[in-house]
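Trainee: Please take a close look at the aromatic side chains and their surroundings, and treat them as one connected account.

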Amino acid sequence: MEKWEQQLKEQVNCQLPENMDIFMTQTLNELTTKHKHKRSRRRLFYTSTAITASLAFLVGMASLSPAFADAVKSIPIIGSVFELLGDDGVKSGNQLGISQKLNQQVRIGDLDVTFIESLYDGSCIHLGWIASTLNDNIFEFTSNIKFTVNGKPVWNYSSGAPALNLENGTYAGRLHIDPKEKLPDKFTLGIVSLDETTTYVEIPIERQGSYQTIPIAKSGMWKDYEMSYDALALYPTTTQLTFRLQDTYSAIGILEFMVRDEHDHVLRTTGKQSMSMTGDSSEYKYLYEPFDSQPNHVTITPYISTVYTTAKLNLDWKGRPITILQGEVGSLIILDQQWENNQLTLTFEVTGERINEQVSDIWLYDRMGNPFPRVSPPIRIEGSDTYEVTFSNVNSTESIQIATPVFNPTKYFQDLEVTVDMKKPN
């Protein structure tokens, strides 16, 4: 137990990378591979859903161990799961004191899981949990439960579940749920079976922290469709942009938005987008990191950044940086590579104007053109534009090619650009 506690203390106190959402193009290899610790940086299990009408989670794992029971007692003293696994927004919310302590242990399938904390600021719901299992596939829990709010099913939401293997099958995890409909400030979140006959747990949730919604009420035409900016909402954990398109045209994966303040600070997307349909229009929600402080003005510029080919380069590492051009948008520079137990970890830097898209697809191939399994999506090292990505089954003597997208020039829709005055109604 002392060894486990010391390891967890070191994990809480060392620098952590920002989590990155898995993009829809990534393979199932990223959802099932066990990650190893290396130096002071963390490897995460992570799964993220796209737009869903009904999504649920089931956990099938082994029963509680004595180490797990001790871990439950130790977590409030040692630190927070949100500090271990939170993105910058969740960490910020936790540090602001808007997370709530829980101590609800429940059995779901073959798993005993304890929910230790919650966070809800009016945007997404976050739950921190710990559990113990001998099953390497932590993502067996992603198929067979759903959620209710005050006893009523939540049908339209997206969700994700990063988890960290601490030691000997003990996991810490963060479940986030992003309902499309507006929720009350105070409610009971239920986790139930798919047939709704079993309620596994009911968790009291109450909105904490202040938020501000700035109406925009400006519109224009895109692809012969009327596009209306609805609002920009500032939450402690996220910045949320909502807009509408007349008709039920799907812009997800096509249209993006650059959100920047008066100092030209551009918000990073969190990789989460969602759509819901009402009548003859579609409502879209794009999520970004929170602003460090409320700006006076925010400029929103729609754009399309498409891929037209793939750059492949021999990864012949000779101890000096390798630059891979990604078209006019910028480049990717390999700074370091490390092998450990047939896993290859690349440290790289990205320069350019579309950083989120530039890092989304990076792959390795053997000399026969077969892809190596990617262990994790690229994760950003906090406070920088440097990332790490890990691949498995890689022999250090193999001939390796690295592949990354090459982008068409970004097309900005300047005529649809809007500037939002954050100090008064628009």
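Mentor: K312 is placed over the face of Y365, 4.3 Å from the ring centre, where a charge sits over a ring if NZ of Lys or CZ of Arg is within 6 Å of the ring centre and within 35 degrees of the ring normal. R374 lies over the face of W363 in turn, at 4.0 Å from the ring centre. The model is predicted, so local features need pLDDT of at least 70 and side-chain atom pairs count only at pLDDT 80 or more, while totals for chains, interfaces and linings use all residues. Residues are numbered from 1 along each chain as its sequence is written, and side-chain values use heavy atoms, with hydrogens and water left out.

Turning to ring against ring, a search of the whole structure gives 9 aromatic pairs; rings of Phe, Tyr and Trp (its six-membered ring) pair if their centres lie within 6.5 Å, and planes under 30 degrees apart count as stacked, over 60 as edge-to-face and the rest as tilted. Y211 and Y235 are stacked, because their ring centres are 4.9 Å apart and their planes meet at 25°. Y211 belongs to the loop between β10 (199–206) and β11 (212–222) and Y235 to the loop between β12 (225–234) and β13 (239–246), so this pair ties together parts 24 residues apart in sequence; strands are DSSP runs (E, at least two residues), numbered from the N terminus. Y211 is partly exposed at 29% relative accessibility, whereas Y235 is buried at 11% (buried means under 20% relative accessible area, exposed over 50%, partly exposed in between, with a 1.4 Å probe and protein chains only).

F243 and Y284 are also stacked, since their centres lie 4.9 Å apart with planes at 10°. This pair links strand β13, which holds F243, to strand β16 (residues 281–288), which holds Y284, across 41 residues. F243 and Y284 are both buried, and they form one aromatic cluster together with Y229, F257 and Y286.

The surroundings of Y211 and Y235 include D121, whose contacts (heavy atoms within 4.5 Å) beyond its neighbours within four places in sequence are I98, R207, Q208, Y211, Y235, P236, T237 and T238. D121 lies in the loop between β2 (111–120) and β3 (125–132). D121 is buried yet has no salt bridge, and R207, the nearest side chain of opposite charge, is 7.9 Å away. Here a salt bridge is a side-chain nitrogen of Lys or Arg within 4 Å of a carboxyl oxygen of Asp or Glu, and Lys and Arg count as positive, Asp and Glu as negative, with His and the chain ends not counted. The D121 side chain makes polar contacts with the side chains of S123 (2.5 Å) and T237 (2.6 Å); a polar contact is a pair of N or O atoms within 3.5 Å, where within protein one must be able to donate a hydrogen and the other to accept it, and residues adjacent in sequence count only if both atoms are side-chain atoms.

Methods
Helix = DSSP H or I, 4+ residues; strand = E, 2+ residues; numbered from the N terminus.
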